[in-house]
Amino acid sequence: MRILTLYREYFSMAWDALRSHKMRSFLTTLGILIGVTTIITIWTTIEGLNQYVYGQLSNIGSSSIYVEKFPWVITGDFWKYRNRKEVNWKEYQAVLKQVTLASHVAPEVFSIKKVEFKKIQLEGVFIIGSSEAYTFTSSVYPVEGRFITEQDVSNNRFVTVLGSELAKRLFDKENAVGKRIKIDNDVYLVIGVLEKKGNFFGQSMDDYAVVPIGTFRRVYGMHRGLRISVMTDYPEQIEDLKDEVRGVMRKERKLHPSAEDDFSINQQDMLSDLYKKLTSTLFAIVFIIGGISLLVGGIGIMNIMLVSVTERTREIGIRKAIGATRSNILTQFLLEAVAISSMGGLIGIIFGYLAGLAVLAQMDITTGVSLTSIMIGFGFSAFVGITAGFYPAYKASKLSPIESLRYDQ
Amino acid sequence: MLIEIASLAKTYQLGEIQVPALKTVDLKIGKNEYVAIMGPSGSGKSTLMNILGCLDVPSSGKYILNEHDVSTMDDNQLAFIRNKEIGFVFQTFNLLSRANALHNVELPLIYNGTPRNERRQMAEQALDRVGLGDRKTHKPNELSGGQRQRVAIARALINNPSIILADEPTGNLDSKTGEEIMRIFTDLHQAGNTIILVTHEEYIARHAKRIIRLFDGFIQSDETAA
Ligand SMILES: Nc1ncnc2c1ncn2[C@@H]1O[C@H](COP(=O)(O)OP(=O)(O)OP(=O)(O)O)[C@@H](O)[C@H]1O
Ligand SMILES: [Mg+2]
């Protein structure tokens with residue numbers, strides 16, 4: 001009760017002090033405002049990005065690895081990778097037959113082709129040649145019709161399964177299954193449409209067609225490089241799977257034990273690690289910039305509080321004369337400093353949050369209010385307020401009652 | 001005895017120069033006394049009042065207030081004494097300019113943690129008592145000098161202190177208003193309060209029962225009216 005009574009007084013005093021110097025308080029709080037705005041903007045952006053990126057990365061699935069010529073994240077000499085051999089059909093066969101930990105192994109080849117249906121001509125459509133295992137390794141399942149089967153693959157049939165976006169672009173609301181479309185110069189029978197997967201970093205992941213890999217190879221040549229995707233049903237075994245696949249590949253390529261791999265085994269982790277690295281650098285930069293504005297803001301607050309203490313020496317004397325203790329005066333001025341900085345913090349949180357949302361909106365990402373960022377904003381501003389306000393408040397508390405009363409009398 | 005002062009001295013240090021303001025003062029004041037302190041300018045009246053009010057500390061000597069040895073107290077204890085035992089009325093009113101009359105009066109109660117409702121009630125009563133019941137929400141700059149001094153008196157008596165100290169309370173007021181203020185002090189004295197006031201005016205001092213005259217840091221005379 002006692003404490004409550006006192007704090008009510010402190011807050012109304014702080015409020016009075018701020019109100020009676022509106023412009024000054026606003027200018028003082030600007031440093032904090034900018035600092036907190038910067039931090040919260042980036043914080044909100046990064047939190048939104050995190051949600052988004054990890055959501056997106058989970059599309060790749062943590063239970064698949066990909067054997068490819070190039071690593072996903074290239075460090076060092078590009079030409080080293082450039083000169084590597086392509087992953088070939090024989091190696092795919094070896095992985096398929098020898099890797100025991102794999103639940104599914106799919107070969108993949110890619111190309112960009114023209115697709116036609118009646119009057120509709122679409123340029124630059126992504127065509128994937130693969131096997132029946134692709135549905136599992138990429139976890140894409142048909143919502144209409146069926147996926148390509150072993151028979152489709154072994155008989156090199158001219159059949160195709162369409163991503164939902166491509167199906168929509170070609171057939172709109174019409175039924176796609178059973179229609180014949182032209183890919184390049186060949187006619188394919190549409191046997192299925194895949195469920196919608198959404199966007200991956202702004203790119204539709206549903207704008208493609210899958211055809212049997214044998215057909216693809218017959219039409220476009222046998223020597224195109226492959227990518228082999230290998231899946232396990234037990235994600236915790238992924239490292240063992242990787243070792244096994246590596247062993248098979250090295251044996252297949254007759255690599256000397258001391259030679260390094262001349263192929264890459266890619267997995268989702270590489271991307272999330274890269275992302276983490278990028279964002280932690282960004283974080284560090286932002287905290288330095290935000291930190292500097294907070295420091296400047298803190299100095300501003302300290303300065304204005306020193307002025308305020310001097311201006312109000314009389315008031316301090318009066319309060320002491322009627323029974324205010326040192327700690328009463330200290331708390332009063334400390335809270336006033338905190339009030340100024342929190343004001344900046346509050347506005348900074350709002351500005352930063354809105355700015356963060358605006359940045360994310362540019363990237364088509366929506367996210368919710370984050371309690372962490374609000375707490376960080378308040379934490380920082382209160383911390384600056386307390387640190388910057390302490391010396392002036394301490395100075396005020398030490399004033400002798402009689403000297404303060406005599407001040408400018 | 002309410003107040004006991006023995007060989008009290010106060011010397012101000014002004015750079016190199018020492019300015020003795022009080023030189024060995026001995027004084028006893030009992031409950032419900034009404035004392036006027038007089039003397040020429042610079043004789044040490046305010047210095048004495050400030051020490052009595054625990055706003056300042058003596059350079060040497062003993063000051064016992066209500067059986068507490070004030071001269072050995074620390075800052076917090078002094079703050080407590082100023083809050084509970086002393087009501088100070090200044091020549092220049094010393095009100096908080098941003099706060100209204102009611103808030104100025106209840107301020108001492110805030111620092112001793114009196115609950116809000118009780119506090120409000122007490123402050124209103126105090127303002128009624130000094131005849132300012134209709135000016136509660138006025139700020140100091142919306143009040144006349146006499147009215148401001150009444151607010152200051154209401155503030156001084158709100159905690160029901162052992163002594164009310166007034167350093168030239170009518171110094172900034174015209175004689176008619178001063179007379180009105182003195183009437184309040186007389187009433188307070190009759191209600192049982194102990195009052196010590198400093199004045200330059202004989203006609204003001206005549207309200208008191210006892211007149212102490214200071215001269216150059218000494219008590220020159222100490223007379224109690226019959
Ligand atoms: N803070 C101070 N520093 C130095 N000297 C001081 C200080 N306060 C008072 N003095 C000196 O102490 C002496 C007594 O001052 P004091 O204020 O007590 O006089 P006073 O009797 O109240 O005078 P007045 O009637 O003019 O108010 C004076 O000589 C004054 O110059
Ligand atoms: Mg004086």
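Ligand 1 sits in a site shared between chains, because residues from both A and B surround it. This is a predicted model, where local features need pLDDT of at least 70, side-chain atom pairs count only at pLDDT 80 or more, and totals for chains, interfaces and linings use all residues. Residues are numbered from 1 along each chain as its sequence is written, chains are lettered from A and ligands numbered from 1 in the order in which they are written, and side-chain values use heavy atoms, with hydrogens and water left out.

**Around ligand 1**

- The shell holds 15 residues, and S41(B), G42(B), K45(B), S46(B) and T47(B) are the closest; a residue belongs there if one of its heavy atoms lies within 4 Å of the ligand.
- For polar contacts (pairs of N or O atoms within 3.5 Å), a polar side-chain atom of S41(B) comes in at 2.5 Å from a ligand 1 oxygen.
- G42(B) has a backbone N or O atom 2.8 Å from an oxygen atom of ligand 1, while a polar backbone atom of S43(B) is 3.3 Å from a ligand oxygen.
- On its own, ligand 1 has 630 Å² of accessible area, and the protein covers 70% of that (Shrake-Rupley method, 1.4 Å probe).
- In chain B, β1 (3-14), β2 (17-29) and α1 (45-52) each supply at least two shell residues, and α1(B) gives the most, with 3. Helices are DSSP runs of H or I with at least four residues, and strands are runs of E with at least two, numbered from the N terminus.
- Sorted by class, the shell has 5 nonpolar, 7 polar and 3 charged residues; Asp, Glu, Lys and Arg count as charged, Ala, Val, Leu, Ile, Met, Phe, Trp, Tyr, Cys and Pro as nonpolar, and the others, Gly among them, as polar.

**The largest pocket**

- A pocket is an open set of points on a 1 Å grid over the protein atoms alone, where a 1.4 Å probe fits, with protein on both sides within 12 Å along at least five of seven lines; lining residues have an atom within 4 Å of a point.
- The largest one has about 970 Å³ of space, the volume being what is filled by probe spheres set on the points.
- Of its 29 lining residues, F110(A), F126(A), I128(A), Y134(A) and R227(A) are the closest to the centre.
- β2(A) gives the most to this lining, with 3 residues.

Key:
A polar contact is a pair of N or O atoms within 3.5 Å; within protein, one must be able to donate a hydrogen and the other to accept it, and residues adjacent in sequence count only if both atoms are side-chain atoms.
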